[in-house]
Amino acid sequence: MFKAIAGLVLGWSLVIGLGPEVALSLPLQRVNATQEHNFGFDEQLWGNLSNPGDLQSLIDAVDQSLKYLATPKAAKDYRRYSGTAFSLDRVRRSLVRFRQLLVTANSPQQLQQAVESEFEFYQSVGKDNQGTVEFTGYFVPTYKASPVPTAEYRYPLYRRPANFDNWRKPHPTRAQLEGKDGLQGHKNVLAGYELVWLSDRLEAFLVQVQGSAKLQMTDGTQMSITYGGSTNYPYTSIGGELVKDGVFPKEELTLPRLLAHFEANPQALDTYIPRNNRFIFFYQTDDVPPNGSLSVPVTAERSIATDKSLMPPGALALIQAPIPQVSSRRTLETSSVTRYVLDQDTGSAIKGAGRVDIFLGSGELAGDRAGLLNGPGKLYYLLLKD
């Protein structure tokens, strides 16, 4: 994400949550589009006067994948797909034709009819070999921060230390780097590498989970930061730890409930945050769209993150997922919708054929929606018929 913890912004999935020359056996099964009678239409592409569609956003996302597919990195990445249906040339041609259909179609029905006629569908086997895929959402958060430490802004985010490549392994744990309370970094190897300070410890931790953030600085300026490296530990979800300790049943754990729990029990942060030994470093960027793991910008509603050891990078996909939307009553309501998306990101918590993270954009509303996006759906990849 943005390189979702391998580079950008991971979301709620992280909170709760092969070598390049080796050919892959993809966890995808070709299905008959005419028999998959409930694909549905991507209604969001057209919209109406009061709720404009995002056709141009999808076209832009397609263009970003085409940009990636023209790079030497893509040529190297796709060596692993030798012997599968997903060759670099076929994935590229599929996107070129799909873009043409987007420009010429006049309705979701017309687009879907053309796609089902001209494309083959490959469904992910999911987490259960029955096609069940768990969807979550991620976003770029905005937080308040200070360029200097103050009595209120005490919790730092750090640059990557200059001598990081020479650190002895295993690396220091999170507790060794920042202390149990998150305030001891100035006493060790992190001293002098502070980038900004936040007022809330959980917010500072969530920026590390997300992998990037937009910051509203106390001096009136704005700053964007993104992933600049990490220590060599696996990610440990604090939401998962709460479930393991019996604080919440897994099915009842949501981001709002997790935040409320730590607001009511701030001392528990000293117990749970240090359990995630992985520590993230940042660097300042210009205020540009966040990049995914393919080093191209991700697009709200149209970019997904998957396990890139399995799924074809940059490829066109169709999802059926429980996505929260703002209703006519100005509340968030979740329903299963169909969306065309591009596979442009990855993330530490996104493992296996049964996990997808959807990028929902930036800001408070995107965060609220990401916090509620958590449920089963289906994932299909599309290839132009030979």
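1. Contact here means heavy atoms within 4.5 Å. By that rule Ile358 touches Phe135, Thr136, Gly137, Tyr138, Ser303, Ile304, Ile319, Ala321, Ile323 and Leu373. Residues up to four places away in sequence are not counted in that list. Keep in mind that this is a predicted model.

2. Start with the overall build. The protein has 11 helices and 16 strands. Its radius of gyration is 21 Å, close to the 21 Å that the globule rule gives for 386 residues, so the protein is as compact as a globular protein of that length. The C-alpha trace spans about 65 × 50 × 40 Å along its principal axes. Of the 386 residues, 54% count as buried.

3. Next, the cores. In soluble globular proteins, nonpolar side chains tend to be buried together. The largest nonpolar core here has 61 residues. Phe98, Tyr340 and Ile358 have the most contacts inside it. Helix H2 gives the largest share of this core, seven residues.

4. Which residues of H2 are buried? They are Leu58, Ile59, Ala61, Val62, Ser65, Leu66, Tyr68 and Leu69. An α-helix has 3.6 residues a turn, so residues three or four places apart point the same way. The cover over the buried residues of H2 includes helix H3 (72-77), helix H4 (88-104) and strand S14 (332-345).

5. Now one of the sheets. This open sheet has four strands in the order S6-S9-S10-S11, with mixed pairing. Strand S6 (142-145) and S11 are the edge strands, and each pairs on one side only. Neighbouring strands of the sheet are turned by 40 degrees against each other on average, direction ignored.

6. Look inside that sheet. Strand S9 (residues 212-217) and strand S10 (residues 222-230) run antiparallel and are joined by five bridges. Leu215 has Met223 in S10 as its bridge partner.

7. Last, a loop residue. Asn276 sits in the loop between helix H10 (269-272) and strand S11 (280-285). Is Asn276 buried or exposed? Buried means under 20% relative accessible area. Asn276 has 3%, so it is buried. Asn276 touches Arg174, Phe205, Pro234, Tyr235 and Thr236, leaving out residues up to four places away in sequence.

Notes. Residues numbered from 1 in each chain as written. Predicted model: local features only at pLDDT ≥ 70, side-chain atom pairs only at ≥ 80, totals over all residues. Heavy atoms only, no water. Buried < 20%, exposed > 50% of the residue type's maximum accessible area, 1.4 Å probe, protein only. Helix = DSSP H or I, 4+ residues; strand = E, 2+ residues; numbered from the N terminus. Pairing = 2+ DSSP bridges. Axes fitted to C-alpha atoms, helices over the stretch in contact; angles between N-to-C directions. Core = buried A, V, L, I, M, F, W, Y, C linked by side-chain atoms within 4.5 Å. Rg over C-alpha atoms; globule rule 2.2 N^0.38 Å.
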